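Before I say anything, please take a moment to look at the sequence and the structure on the screen.

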There are 2 protein chains.
Amino acid sequence: MTVPAGQCCAPIAREPLAEDAAAELAVMLKAVADPVRLRLLSMIGSHAGGEACVCDLTGTFDLTAPTISHHLKVLRTAGLIDGERRGTWVYYRIIPEAVNRLGALFTPLTEPSPGPGPQLTPGPAAGSTELELLPA
Amino acid sequence: MTVPAGQCCAPIAREPLAEDAAAELAVMLKAVADPVRLRLLSMIGSHAGGEACVCDLTGTFDLTAPTISHHLKVLRTAGLIDGERRGTWVYYRIIPEAVNRLGALFTPLTEPSPGPGPQLTPGPAAGSTELELLPA
DNA sequence: GAGCTGTTTAGATGAGCTTCTATTCAGGAG
DNA sequence: CTCCTGAATAGAAGCTCATCTAAACAGCTC
């Protein structure tokens, strides 16, 4: 089953990742590779308006406020969320492009259905799927 | 707040992740949140036939064989790859379902493009997008 | 069977990460 | 102006992780 190349798998399985690209992706992945930060990201993204106050987040965890603040900083440093102070409270929101970039890495263009369905739907948007990591 | 609209964002941004689910996902994400393991996964997946011998992988890195073996074990423990000994050499291959599960977490069903973004075709595979983590 | 190659396991070391307490900065209330 | 609440920073303790060297296991070749 020698695939003649092209769009068969997820970007990560299409061609070997360069050392530089892997290092940069690992930073982003390491940011979400923590139960607390994963939940923080989920809570921020699923909050009404796409924004969540820190005060809403701290109550959910059995962690101190500085610890939550630290995790938020890690997410912000990785470019996954953005924070804004509005009066007394600080609101965070997800940066969709960054999250989408992570998903595109592992999402195949075809269904990995267990059955014998090797049909592939090379979507028209496949052209925009690139291994480039730097947005600008 | 139970959002009535189901398909608006990536699963991670649709509803808050449960503590248990986040912990399990973090294990898988932590496995790929390393430059070496990310490249190993990419090299295995992009190899001809979807299989790669350990001997092919060790030559690419400036690491000792035991270190590569350790990283492969981490990936295998996380359920991302599977290994099989065939004679002298051991061949590893990606488990597509596991990789797909990671991608589905961050991949939105609609494009979050802020401006005149290229509309992503929500592929037919979107129906299989679920928050379920346990395959069985 | 003896020897060699390929792979994994065991143990140790050093760096990095998560969490805390204590303190400082930002902004509104009286 | 003074005090109070919300959030971030600084520094330290404890733990996990990535990597190495040394040794053991698996299988082929002679």
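Predicted model: local features only at pLDDT ≥ 70, side-chain atom pairs only at ≥ 80, totals over all residues.

Residues are numbered from 1 along each chain as its sequence is written, and chains are lettered from A and ligands numbered from 1 in the order in which they are written.

Let me begin with chain A. Its secondary structure comes to five helices and three strands, where helices (H or I, at least four residues) and strands (E, at least two) are DSSP runs numbered from the N terminus. Along the sequence, these elements of chain A follow the pattern α-α-β-α-α-β-β-α. Chain A has 136 residues, of which 38% count as buried; a residue is called buried if 20 or more other C-beta atoms lie within 10 Å of its own, exposed if 12 or fewer, and partly exposed in between, with the C-beta atoms placed from the backbone.

Helix α1 of chain A, residues 19-32, has 14 residues and reaches 20 Å from its first C-alpha to its last, close to the 20 Å expected at 1.5 Å a residue, the expected span being 1.5 Å times one less than the number of residues. Among the buried residues of α1(A) are A:Leu25, A:Met28 and A:Val32. What covers the buried residues of this helix includes α2, α4 and α5 of chain A, together with α1 and α2 of chain B.

That brings us to the contact between the two chains, which takes 49 residues from chain B and 47 residues from chain A; two residues are in contact if their C-beta atoms, placed from the backbone, lie within 7 Å. On the side of chain B that touches chain A, α1, α2 and α5 each supply at least two residues, and α5(B) gives the most, with nine. By class, that side of chain B has 32 nonpolar, 10 polar and seven charged residues. Here Ala, Val, Leu, Ile, Met, Phe, Trp, Tyr, Cys and Pro count as nonpolar, Asp, Glu, Lys and Arg as charged, and the others, Gly among them, as polar.

Now let us turn to helix α4 of chain B, residues 65-77, which has 13 residues and reaches 18 Å from its first C-alpha to its last, close to the 18 Å expected. Which residues of α4(B) are buried? They are B:His71, B:Leu72 and B:Leu75, and, seen down the axis of α4(B), they fall within an arc of 100°, so they line one face of the helix. That arc is taken over the directions from the helix axis to the C-beta atoms. The face turned away from the buried side of α4(B) carries the exposed residues B:Pro66, B:Lys73 and B:Thr77. What covers the buried residues of α4(B) includes α1, α2, β2 and β3 of chain B.

Take B:Leu75 as an example. B:Leu75 counts as buried because it has 26 C-beta neighbours inside 10 Å. B:Leu75 and B:Ala31 are 44 residues apart in sequence, and yet their C-alpha atoms are 5.8 Å apart in space. Not counting residues up to four places away in sequence, what B:Leu75 touches includes B:Ala31, B:Leu40 and B:Ile81.

Just after α4(B), B:Gly79 takes a positive phi of about 80°. Further along, β2(B) and β3(B) pair in the antiparallel sense over six bridges, pairing being counted if DSSP finds at least two bridges between two strands. These two strands form a hairpin with two residues between them, and B:Gly87 in the turn has a positive phi of about 75°.

Finally, the DNA. Around DNA strand D there are 25 residues, the closest including A:Val54 and B:Gly87, and a residue is near a strand if its C-beta atom, placed from the backbone, lies within 6 Å of it. To the surface near DNA strand D, α4(A) gives the most, with six residues. DNA strand C is surrounded by 25 residues, the closest including A:Pro66 and B:Val54, and to the surface near DNA strand C α4(B) gives the most, with six residues. The residues near DNA strand C divide into 12 nonpolar, 10 polar and three charged.
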